[in-house]
Structure formats: C-alpha cells, structure tokens
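Trainee: I would like a close look at one helix-helix contact in this model. Please take me through it residue by residue, then turn to the sheet.

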There are 2 protein chains.
Amino acid sequence: MRHFSFSIAKQGKGLARAGVIHTPHGDIETPAFTPVATKATVKALTPEMLAGIGARVLITNAYHLYLSPGPDLIEEAGGVGAFMGWKGPTMTDSGGFQVFSLGEGFGKKLSKFMPEQASPEEGVAVFDEELATSHGKLAIVDDEGVSFTSHADGSLHRFTPERSIEIQHKLGADIIFAFDECTAPTLERDYQKEAMDRTHAWGKRSLVAHRQNLEKGPEQGLYGIVQGGRYADLREESARTLGAMDFDGYGIGGSFSKHDLIGILEKVNVILPEEKPRHLLGIGEPEDLFLGVAAGIDTFDCVLPTRNARNGTLYTKRGKINLENAKYARDFTPVDSECPCYTCTNFSKAYLSHLYRSKEMLAGILGTLHNTYFLVSLAKDIRQSIMDDQFGQFRDEFLKNYKA
Amino acid sequence: MRHFSFSIAKQGKGLARAGVIHTPHGDIETPAFTPVATKATVKALTPEMLAGIGARVLITNAYHLYLSPGPDLIEEAGGVGAFMGWKGPTMTDSGGFQVFSLGEGFGKKLSKFMPEQASPEEGVAVFDEELATSHGKLAIVDDEGVSFTSHADGSLHRFTPERSIEIQHKLGADIIFAFDECTAPTLERDYQKEAMDRTHAWGKRSLVAHRQNLEKGPEQGLYGIVQGGRYADLREESARTLGAMDFDGYGIGGSFSKHDLIGILEKVNVILPEEKPRHLLGIGEPEDLFLGVAAGIDTFDCVLPTRNARNGTLYTKRGKINLENAKYARDFTPVDSECPCYTCTNFSKAYLSHLYRSKEMLAGILGTLHNTYFLVSLAKDIRQSIMDDQFGQFRDEFLKNYKA
C-alpha cells in the first residue's frame, strides 16, 4: 500500500509551485483542478469522460454520501472510488460546509440554546427539534459537534469530529478533511473567533481519531481546514495553530466572497508548512486558478464549471459565453476554436444552442465536458508554465484575453 | 455520391432475411435497431457513445426539427447528420405521426368541419383556430394536407406531402418517409379506409415531389408508409397499392397495439416487393425484434429503450428490471453479467440504484447506454443467426430466458 505524501517538483517565483501528491490511488500533479462529484458522480459525465479529459482527482461529499447511500454500503463496495467506477485518487469534503450551510444564518446566539443535557456521543441524536423548528434552522452547533436534520427527509443526525473521520474512513477517499465549522461571512468578529477556536479543537480531535484508525485501511491523507472568516489576523492565527499540528495537508475554507478570500491566501500560505499541499475549498474559476496559484495554492475544487455548463454558460479563452443567447442560434463555429475537447471538435454553437433551448440532456453533457476540460487543462498549463519559469507571462497573457 | 440501394445478403427461412442498405453516409447491415434522436439527439448519449456501442443509423423527426431549429438552419449546417455530429446514416420520420398524435382523438367528423375555402398551398395557414379550439384539437386534416398548431408555442402551421418532402430534403437524411395519416386505433373501419386512401394519395404526391427535387442533393431513399389500422384486408390493400409505386423501401406505421400489428406484418410483407427494405415504425423492444424479423422486417426504431432507461428500467437477458426497486440498493453485481457494455463492465446495480434514487444525470446516461447497446447488439446477433441458419434456435433460446 502506498502512503500519502507530497513533493515539490519546482518552486516558482513567490509562492507559486509545481508538485506531486502521491496517494494510494495514484499521483496528482499540481496545480490541479478537482472536479466535484458531490454524490459520487460528477453531474453529466462518466468516469471514462473524466479520465479522457485528463482529470486526476475528484472530490465527493461526506455529508451527502453519509445520508445516501451511507458509509457502510460504500465501504462494502470497496470505497467511494470503486463504488463510482473511478480508478484515480479521490477526496471527501468533511461535510462541515454542507451541515452549516443548511443552517444558514445560524449563529452565536442559537448555539446557546443547545439543551444542557446534550450528549456529544457519536450517533446519539441530541437535536432539540422543537427548538430548531422554532428558529427555522437545520443545524445547531455546540462545542462537541453539530446536530442537524437531513435536507432530504428531515431525519435527525449528529456529526462530531470523530464521527466525521469515521465516516470518511469508510468512504475511503485518498484525501480527507477535518471536520470544521464553516461560518457565514455576515457574522461578527467575536463569533468568527469562537468558531475558529472550535475548528482548531475539532481539527486536533480529527487528527487523533484519524491516527487511531489508520491501521484499518490504506493510508489516507488528512487535511486540516484553515478558517477565520474575512479577518486576516484570525486567518493567520488559524494557519499558525493548525500548521503546528501534523496534518498531511491543509484546506482553506470559508463561505464568503472570492475577493475576501483571495486577499488572505498569501498571508495564510506563508505561515502554513511549505512541504504540505494546500487545497482551496470551493473556489476555482479560471481567474481564481491564477490568483490562487500565485498565492501558494496547489489544488482547487469548484461546482461552478459544472453548474454553469448545465445552465448554458461555457468558458472560452475570451471569457464566458451563454449558449442560450439568440446570437449563437446560427453560429456554426465551435465554442472555443482553440479548444481540442470532444465538444469543440465535433459540435457547433448552433447545435449546442439548439440542445440548450430544447432542454436536451446532451446539452449538459457536452457543456460539462467542455467546462471541466477547460479547468483541468488550464491547471495543467499553469503547472507547465511554472516548470518552464513562465508562470507570470502565461498568467498575464491569459488574463489579458479573458473577461471574467 | 453513392446512391441508395438495398441488397439481400441471405434469405433465411420464411420471411426472415439479412441484408445491407447502402446509403450516401454508409452501409447499414440489417436487421438493425435504429436509436431514436427525435430532436437531433439520442437523449443522454453522445454520438461517440452511439458509435462505440455499434449503432449504425439514427432516426430523427421532421416535425420537431421543422419547428426548431428549422430545416433551413439544418440545411445550412450540412444536413441533420452533420448538424448533430453523427457521421453515419440517418432517417427522418415524416412527422405524420406527431402531427396526428397531437390531435389525438381527432377523426372523421372533425375533418368535415374543415372550412370550404381551405387552401392546400404549402406554407399557407388555413387552420380554423376557433374551430380547433372549440374541439380541443391541435390538428385538422383535409384531403390536401393537415393544419396544426405547434405543441411548443401554439403557432399555426400546415403540412402537405410536398411540404414534408421539401422539409426532409433540407434535413438531408439518407432515408426519408412519405407523409402519411396515422390513425388512432379506436377509429372505426370506415375512417381507417378513408385515411388509408388519403395516405396512398399522399404517398404518390410524396414520390412525385421527391423525384422533382432529386437533382438538388445526394440521393435520399424515400419509403412509403403502409397503413390500414388493425384490419388485415386494409393492410393488404395498402401493401399492394404502395408496393406498386416505386418507393425505395417501406415503413409500416400505425399507432395501435403491438399485438395487432405484429399479427399483420407477415400478411403485409409477403405482398411488399421482396427487394425493398422494410422498416417497422416505433416498435422495437427485444421480443418485437424476433417477431418482426420472422415476419420480414429489416429495421426497427422505438423510443422505449431510451425512455425506459431514464425511468430506471433496464433490459437483461432475463427480462426487464427496475433499478429503483429496493432490492438492488445493496446488489454489487452488474445489471447483466453477460453484457460487455461500458455500464455493465464498470458499475454495480447498487451504484446505478443510488444514481436513480438521487436523480443524477449519470443514471440516465449509463442506463440509456446499456439499453441502446442491448437492442443494437441484439439486432446484430439476430442478423448473425440468420447468416448462420440459426435464427429459429437463437430466437427460441432467447425468448425462453427473456420475460417481457
């Protein structure tokens, strides 16, 4: 069994770097874009298509897979990769973001309402349904973990750091994430600090739980998640605290604006241990890849390329275009004439426009294929430019033509 | 430019035969199953997937493509095959079935309400909107053609045999169909006879219109459509009348029960010219392929394999199974362990079941891939059995295991 490790192939100017993440299911050359397979499928693409466009790693979601089909079933299938027919490396997001985004607007005050008798034990539902209903929330946090109702059927569940790690061990991805509290950007500083401290405590517990279970299966890499909202000093504190713990890598999380986060990345990454890989959670449109890599990010995931594709918005070297725009109905040229993907080499904008207007499934398939290829290959091109000492030039050239 | 022609490779016992249809876009070995690409796409599959599973010919629909994106746009794209990125042969259904099925329940009496001043000229809307609305119909037939409202936007249109052929010339499929009146099975004999006579007159006009336009482009094969409802003597009359006209092949139409039609096929096919190919319109599940081939059918099309797939119903050598059934949730075996398709060699029933329950697009993609492979390869296997003088044995063996 191969162990998780990371090696830097080339340190570029500033924080930009090219590397290789070694995992039990193969190597990931970085920088890399990670297509999102929330429910063990990248929407609209087969694993064969994903391999064909050069994707190397997929990220699935522990929260969604925990609810259905369940970690035991996936463990029985041989892990999430085997379950979904994907032979390469996988990641699982810890589910923190999903749990908290379902309780959107939940916050400091609400957590105080947690019943006194709440038990932190895993699997024990301590959720106060009446309380939750009266506040219209789906999740309530306490220092031990979070209680939440399923978005699917309203059933009651509880995640703790230990439970999240146990679930992620059963899912068996190559890279897993510590359970964190992902805060809303609107919350005040005091709460961001409180949530960050909790995230650090949960990170430590995730690490302990992970080490206790390691002998059970293949070595999975565990990433800690840096939080701290939009406050640079909190982010730096988070990077210092987690950076001192022996994680295999780091995720940088937070459900707030791209603009806020990008500005903070460099500050965080100069603190995080240089020899560990860094993943930017949930952000990864073309312009973000350049900003992120320049600030020291190695891997990215983002649902926008696939979601945009289903809505008719496709990436080109000149920016995004929407195929439902009437001007494309008689345009017999490809989406991006320089793009070698299956969609661009075989179909015209007129045909894709017809498919989108007709709400045909093939629209989403061909659009998603192109957008995913675009991001995956852009990350590869960025990697090559770092290897060639041309990252700055490549970035300037790309961003000059690309209208975000 | 290659011309349309048909050759019989092997005459089996009775009416069963193996042949080759030669078209401008390549050869079609028969018997063959024709996947349905109504709006210039087989729902959920790329042309690459279709070629990969051995599909040789696709059937698109003149009615739908006339409404959107329109025959002029498709002509500009180089024909429907080029438009949709399909390099092999194509067929276009004339749209008769769609026009009439939209006026479902329309009938003899309604046609008498057609205004006296109705003009048969192409493109002139002579539709009596008030009359149609008062009867809740979308289509009204007269001896010259049919006036109908679009199912999509309620706009008024008129099809005549000449107009249908003109549209199908622009769409540019290798095999096109005469414009016919497709009757409801519930209508009485007198009306079936009247509609059949009209279909014969329209067949003749389609043939004249086709010949006048032939020099314009590649030689397309024109099929006449045998009608006559569930009445064997009318069907025989239709086969005699149309068989005497110089069509390149024949379609056998009618929107009534499979059982009725299958019983009539043999009677029709002993009359139709032996040297012309015969297409069974809209019927083609596994058991139908055997019954149809035994009765002299060469090609089939049917929406059920693709529609079933999107609803979770997949074909196996033992019959149909529905993956939403709870018993498949933990079944880690493939849909059909003998099937070499991409779906069966890479994914378990448990995974497909998860995809269907989660309403993921990949469910429809993998299901459609399997079902289409199943029908396409079954037709190929039937062909091989005819070549090997083993058709009867192959059929008996298959039907013994297959529960329809």
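Mentor: Pro161(B), Glu162(B), Ser164(B), Ile165(B) and His169(B) in H8(B) meet Trp202(B), Arg205(B), Ser206(B), Ala209(B), His210(B) and Asn213(B) in H9(B). Contact means C-beta atoms, placed from the backbone, within 7 Å. Helices (H or I, at least four residues) and strands (E, at least two) are DSSP runs, numbered from the N terminus. The contact residues divide into 4 nonpolar, 5 polar and 2 charged. Here Ala, Val, Leu, Ile, Met, Phe, Trp, Tyr, Cys and Pro count as nonpolar, Asp, Glu, Lys and Arg as charged, and the others, Gly among them, as polar.

The model is predicted: local features need pLDDT of at least 70, side-chain atom pairs need 80 or more, and totals for chains, interfaces and linings use all residues. Residues are numbered from 1 along each chain as its sequence is written, while chains are lettered from A and ligands numbered from 1 in the order written.

Now the geometry. The axes of H8 (residues 161-171) and H9 (residues 189-213) of chain B come within 8 Å and cross at roughly 40°. Axes are lines fitted to C-alpha atoms, for helices over the stretch in contact; angles run from 0 to 180 degrees between N-to-C directions. H8(B) is therefore oblique to H9(B): under 35 degrees counts as roughly parallel, over 145 as roughly antiparallel, 65 to 115 as roughly perpendicular, the rest as oblique.

Next, the sheet. In chain B, 3 strands form an open antiparallel sheet, ordered S1-S2-S3. Strands pair if DSSP finds at least two bridges between them. S2 (residues 17-23) of chain B and S3(B) share 5 bridges.

Conventions: Two residues are in contact if their C-beta atoms, placed from the backbone, lie within 7 Å.
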